[in-house]
Amino acid sequence: MQPIRLTTATVAARIPYANAAPFYALWAEAPFAVRNLVPRELGREAAAGNVDLGLMATGDFHRLEGFELVGPMGVAVRGPVQSVLLFSRRPAAALGGALISVTPETSTSIRLLRLLLDVRRGLTGTRYVRGLEPAQADAMLVIGDRAMRLRNQRPEGFHHLLDLGEDWLEWTGLSFVYAVWAVRQSLAPEIKSELRDFLEASLAAGLASLSEVARQQTEPGWSAPETEAYLRRFHYRLGPEDLEGMARFRQLTEQHGLTQLD
């Protein structure tokens, strides 16, 4: 691949989570500037005009103007996701009036959790506060590599576990799209085309060497076979069911006033 127009004036953001790793196989030679940003920060930087391309949280893609899908590619799964988890002191159906600690990193999962608790279960009085310590909370929403680690190292007293992807599937019968590759619409068509081609080539390289990609993901503390099995659960090229699930999520967040949630 010999990019013609891409330079470091184009800024791309990567999410530093294991489930996104297959996209980054060729990023050591990326012909653009790269920033590592967790989902919520990526959305804020994109809104501020500081990011041109990124694996954007679906919740942010729905609320931000001026971005379009690339591919479409993203991070989706049908059923248990294993890295978007609610740890709680009591069952999910008994969390009415509870105080829930929400990771500061999330943009999509907080919207999904509110749909699953407030709408699906009809809970009332539940409070969602970012960044509380476990001792202060009745439940904790955790995402990414930290959620993967906590599956086997739960805080004391948090005996119940809700996998948000599994709960979404039980409710809707659809897969869930956690993030999508989004590009700024105002970029020149030639630049957008080169970005898409680079992403496609990098993903193809990552999927072709998935065992090696898994071995490099040591942060969650899983074995390489466990990590590889985890990565193989994801849909990185979004299909019709993924897009249907994404549309359903958008419809529900708009219906229940969650689109502009911070």
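Analyst: Start with strand E10. Nine of the nine residues of E10 are buried, so this strand is largely enclosed by the rest of the structure. Buried means under 20% relative accessible area, exposed means over 50%, and partly exposed lies in between, with a 1.4 Å probe and protein chains only. Helices (H or I, at least four residues) and strands (E, at least two) are DSSP runs, numbered from the N terminus.

This is a predicted model, where local features need pLDDT of at least 70, side-chain atom pairs count only at pLDDT 80 or more, and totals for chains, interfaces and linings use all residues. Residues are numbered from 1 along each chain as its sequence is written, and side-chain values use heavy atoms, with hydrogens and water left out.

What lies beside E10? Five bridges join E3 to E10, and the two run antiparallel. Met56 has Val180 in E10 as its bridge partner. E4 also pairs with E10 in the antiparallel sense, over seven bridges. Here Glu68 has Val183 in E10 as its bridge partner. Two strands pair if DSSP finds at least two bridges between them.

Now widen the view. Six strands form an open sheet in the order E2-E1-E3-E10-E4-E11, with mixed pairing. E2 and E11 stand at the edges with a single partner strand each, so one side of each has no neighbour in the sheet. Neighbouring strands of this sheet are turned by 30° against each other on average, direction ignored. Axes are lines fitted to C-alpha atoms, for helices over the stretch in contact, and angles run from 0 to 180 degrees between N-to-C directions. E1 and strand E3 (residues 53-57) pair in the parallel sense over two bridges. Ala12 has Leu53 in E3 as its bridge partner.

Two helices pack on this sheet. Helix H1 (residues 39-47) touches E1, E2, E3, strand E4 (67-77) and strand E10 (176-184). The direction of H1 makes about 125° with that of E3. Helix H6 (residues 189-208) touches E3, E4, E10 and E11. Its direction makes about 15° with that of E4. Contact means heavy atoms within 4.5 Å.

Next, the aromatic rings. The structure holds 16 aromatic pairs. Rings of Phe, Tyr and Trp (its six-membered ring) pair if their centres lie within 6.5 Å; planes under 30 degrees apart count as stacked, over 60 as edge-to-face and the rest as tilted. Phe23 and Tyr236 form an edge-to-face pair, 5.3 Å centre to centre with 85° between the planes. This pair links distant parts of the chain, 213 residues apart. Phe23 is in the loop between strand E1 (11-14) and strand E2 (33-36), while Tyr236 is in strand E11 (residues 235-237). Both Phe23 and Tyr236 are buried. Ring pairs link Phe23 and Tyr236 into a cluster with Tyr24, Phe32, Trp181 and Trp222, among others.

Trp222 leads on to Thr227, which touches Ala214, Gln217 and Trp222, not counting residues up to four places away in sequence. Thr227 is found in helix H8 (residues 224-231). It is buried, with a relative accessible area of 0%.

There is another sheet to compare. Five strands form an open sheet in the order E7-E6-E8-E5-E9, with mixed pairing. Strand E7 (127-130) and strand E9 (160-163) stand at the edges with a single partner strand each, so one side of each has no neighbour in the sheet. Neighbouring strands of this sheet are turned by 25° against each other on average, direction ignored. Strand E5 (residues 84-88) pairs with E9 in the antiparallel sense over four bridges. Leu86 stands opposite Leu162 in E9.

Helix H3 (residues 109-120) lies across E5, strand E6 (99-102), E7 and strand E8 (139-143), running at about 165° to E7. Buried residues of H3 include Ile110, Leu113 and Leu116. H3 is followed by Gly122, whose phi is positive, near 70°.
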